[in-house]
Number of protein chains: 2
Amino acid sequence: MSGRVLVTGAAGFVGRHAVPALRARGFEVHGVGRSASPGADWHAADLLVPDERRALIAKIRPSHLLHLAWDAEPGRYWTSARNLDWVAASLDLAQAFAAAGGRRFVGAGTCAEYEWGAARFDEATTPCRPATLYGAAKDGTRRILEAYAATNGLGLAWGRLFYLYGPGERPGRLVPDAIRALSTRTPFPTTAGHQRRDFLHVADAAEALAALVASDVTGPVNIGSGEAIPVRELLDALAVRIGGAEHLDFGARPLNPAEPAVIEAGTHILTGVVGFRPRYDLVRGLDDTVAWWRAQGSAPD
Amino acid sequence: MSGRVLVTGAAGFVGRHAVPALRARGFEVHGVGRSASPGADWHAADLLVPDERRALIAKIRPSHLLHLAWDAEPGRYWTSARNLDWVAASLDLAQAFAAAGGRRFVGAGTCAEYEWGAARFDEATTPCRPATLYGAAKDGTRRILEAYAATNGLGLAWGRLFYLYGPGERPGRLVPDAIRALSTRTPFPTTAGHQRRDFLHVADAAEALAALVASDVTGPVNIGSGEAIPVRELLDALAVRIGGAEHLDFGARPLNPAEPAVIEAGTHILTGVVGFRPRYDLVRGLDDTVAWWRAQGSAPD
């Protein structure tokens, strides 16, 4: 695969893994984000500033764009008005990209675009009726970009990310917070954990996105493991590795009533059309994650 | 009704009629647009320039916003990339409005948000799957703003306009072009005209929007007559008034295969909940439109 790809959010949780995955596929990889990312030609730009994002595209003239940047501040991003700013920035980025000769745009979507309640989310049949501002902003962006791409000859794919975990995840999210509590033997009040979620190792998610960038597949593509497990099972599996199981206080917090019982990715497009296979199952994925935190020399904080 | 309403696109086809309709309901009316509009306090600002739109909102601090401005250049707006710029401007306008204490946002939607093919478009049951970039941009904007409004306590209504006609419509559109051709006895090549469309006099559409602004109704509301007629019937009715029927060349142009057989508004929310009744039926509406063009002293050009 030849091509010059710009990765937005290249220094983020997914981006750091996407850069080497794209390089391994033969792409010339350029990155933009808050901080430098190893393996990418680095560009400093604030994508929320119109002049900066346009100058960046004009300078690099990428043939492919992997657009990961978005507001992802834990606890805030579901309802933040910054979602609207990222919609605007993404639409403008796509225009600048197409104007500079860009051919293929791959955006980062989310399982939160779907109407929660289906047993398993299927790209073709599950309705998109997001329950959150974050989900609505991603869903709306995709709808508009699909129509824009159709009238401009742009290839557009949309990788819908489910629940990711792995090295480098930021504190404030389930897995790093649980690892920290278990490692420091600190109480971890949590829900009963019966809700089932589809967890995928972040390196696999990044590899799937790289495969999607390199493919000709268009439209939404779920990026998940294809098998949801109870959140309790994930936390118990961490405690097996770290100890401190007695600090997991299941049921101490209520499950938000808006949270569905199951969020699971249908993966027939990802596996059957894109041709992706994950490297990590949950056992290897959690081993890798716990080992990474240990190698940092301290628990996540 | 007391309140201070800002009308964007106040000098446009719908806006010129919306300003007096809002004044009649007791609103203090401010307008922004390309040119001055009688009856409104006038403000010059380019809404596509972030600093200008934010300064406008900060200066006026409207309690209500009727957002009509959008790219509407005939023949171009269905596919123009400017649609993306108007999405971004609209999202930012809503944020600035909410930040300045705004309470109620009424946006101009379109029948092109619906999946074309249903016999009659119903707000609650007809799927929104736009066939065009224009439709997708309006649909996406509405979806995002609905989620934003839900998380910010903003009242959001969305008036979906169907086919409007009447005084001041710009050349390049069906009714003024047909009036010009008939008036000047010039050939008017057109489709066979069997497709049925829901036509509403622009003053009624503006009155419906004013009623929607003054109401507490939220969500999408179709703004149409509720009865679609064959396009041929409309053109024949113009020829009855103007003469020149022999210049209507029905069937000279193919109907775009993407154009559906019927576009008709279900109006039970507009009539039953908002409580709106149109003043013009088609006979009076076309009389009024032809009389207006005659009073201009010349045919539309």
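Into which domains is chain A divided?

**View 1. Domains of chain A in the predicted model.** Chain A is divided into domain 1 (4-165 + 199-224 + 267-272) and domain 2 (174-195 + 228-264 + 282-295), with bounds that come from an automatic or database domain assignment. The centres of the two domains, taken over C-alpha atoms, are separated by 27 Å, and 12 residues of domain 1 are in contact with 16 residues of domain 2, where contact means heavy atoms within 4.5 Å.

**View 2. Helices α5 and α9 of chain A.** The axes of α5(A) (residues 174-183) and α9(A) (residues 282-295) come within 11 Å and cross at roughly 60 degrees, the axes being lines fitted to C-alpha atoms over the stretch in contact, with angles running from 0 to 180 degrees between N-to-C directions. The two helices are therefore oblique to each other (under 35 degrees counts as roughly parallel, over 145 as roughly antiparallel, 65 to 115 as roughly perpendicular and the rest as oblique). Val175(A), Pro176(A) and Ile179(A) in α5(A) meet Thr289(A), Val290(A) and Trp293(A) in α9(A).

**View 3. Chains A and B.** Chain A can be laid on chain B with an RMSD of 0.0 Å by a turn of 180 degrees and a shift of 0.0 Å along the axis, which is the relation of a two-fold axis; the superposition is by least squares on C-alpha atoms of residues with pLDDT of at least 70 in both copies.

**Notes.** Residues are numbered from 1 along each chain as its sequence is written, and chains are lettered from A and ligands numbered from 1 in the order in which they are written. Local features need pLDDT of at least 70 and side-chain atom pairs count only at pLDDT 80 or more, whereas totals for chains, interfaces and linings use all residues, and side-chain values use heavy atoms, with hydrogens and water left out.

Note on methods:
Helices (H or I, at least four residues) and strands (E, at least two) are DSSP runs, numbered from the N terminus.
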